[in-house]
Amino acid sequence: MNFILHKDFSEFSLRADLWNALVEQSITDTPFSRYEYLSEWWKTLGGGEWKDAELVLVSATENDQLIGIAPLFITHYDGQRALMLVGSIEISDYLDLIVREQDLPRFLSELLDFLASQTADTWSGLDWYNLPDASPTPAALKAESETRGWNYHEEIYRPTPRISLNGSFDDYLSRIDKKQRHEIRRKMRRAAESELNVRFTIVDKDSDIETEMNSFFDLMIQDPGKAGFLTPLMREQMTFTIRSAFEHGYLWLAFLEIEGVKVAASLNFDYKNKLWGYNSGVSREHMELSPGWVLLASTIQWCCENGRYEFDFMRGDEEYKYRFGGVNKYVLRLKVIKL
């Protein structure tokens, strides 16, 4: 393999289609590995999550074919000068190397040799977060670490609850707890029968995305915790993410309106025939109509009616995810120390 160390994402800008084509064939095909997401993440370093970061973006080709991409950066973290995955840690729910499964062992081995030859004195280990528990990378990295005599540690980092969907909305409801099933139906019925004109709307491709984004942010900051999270730089980062997902056709943004006023928002990615739940916002008004619950239930109903096989709540163990039938998968943290 021929490895190249890139100084900036812009070196890949004319080959973004090749990058994304490889993502779609890779071990972890998620929106968070796509070129537009990671290149925009790098511009703000995750909305200001990192202050000190040196890009180590590596690609590998063979016979003029793109074989693998390792989007990495070096920073001081957890007591070492670590190589981390671009996108780490907080706002990118799933991360991994970008490589086909059959190429992974050889790519990883040669990648580590390349990194040792090019940047050996600038890092002392790897610290990779948010790898899906189904990824083959942990096993491959463990084997490579043992071969090299490095210290390898693996741990569950966060749960990522998901709802499997393979039928009608009634089929979905029949599989969840009886009490929660009745509660969801009761709240949806109350909203539907309200005289306040409750309406579920989805932003379409012809919408003014700037206006819709501002409406989303206005609802997001109704939660004091999210208001604190949404610093100016984080808002800039999320704006990049929303706009690029819209431009590439996989943004799924919905609102619940009451009397023509948006009172709840659900921000998702509609990618690879499933919905990925990224963030949400709910007004403090009309809580008697449970707008957050009604919007989430309507979102799941849309998935059932439109053939989406799964709703992925992504990282976090909030109680409501399990009340709606979420079943845990996990993302992992892999830490390697060179000895």
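## Cysteines

A disulfide is a pair of cysteine sulfur atoms within 2.5 Å. The model described here is predicted, and a search of the whole structure finds zero disulfides. The sulfur of C303 has its closest cysteine sulfur in C304, at 6.8 Å, which is too far for a bond. C304 accordingly takes part in no disulfide.

In soluble globular proteins, nonpolar side chains tend to be buried together. The largest nonpolar core of this model holds 83 residues, of which W19, L97, W128 and F216 touch the most other members. Helix 3 (residues 104-119) supplies the largest share of this core, seven residues.

Beyond its neighbours within four places in sequence, W19 is in contact with several residues, including F9, F12, L38, L57, L66, I69 and I98. The contacts of W19 also include S33, R34 and Y35. Another core, of 29 residues, lies apart from the largest one; among its members are A191, A254, W293 and F324.

## Helix 2 and helix 9

The axes of helix 2 (residues 35-48) and helix 9 (residues 232-247) come within 8 Å and cross at roughly 170°. Angles over 145 degrees count as roughly antiparallel, and the two helices are therefore roughly antiparallel to each other.

On the side of helix 2, the residues that meet helix 9 include E36, Y37, E40, W41 and K43. Those of helix 9 include L233, M234, F240 and S244. By class, this contact has five nonpolar, seven polar and four charged residues.

Note on methods
Residues numbered from 1 in each chain as written. Predicted model: local features only at pLDDT ≥ 70, side-chain atom pairs only at ≥ 80, totals over all residues. Heavy atoms only, no water. Axes fitted to C-alpha atoms, helices over the stretch in contact; angles between N-to-C directions. Helix = DSSP H or I, 4+ residues; strand = E, 2+ residues; numbered from the N terminus. Parallel < 35°, antiparallel > 145°, perpendicular 65-115°, else oblique. Contact = heavy atoms within 4.5 Å. Nonpolar A, V, L, I, M, F, W, Y, C, P; charged D, E, K, R; others polar. Core = buried A, V, L, I, M, F, W, Y, C linked by side-chain atoms within 4.5 Å. Buried < 20%, exposed > 50% of the residue type's maximum accessible area, 1.4 Å probe, protein only.
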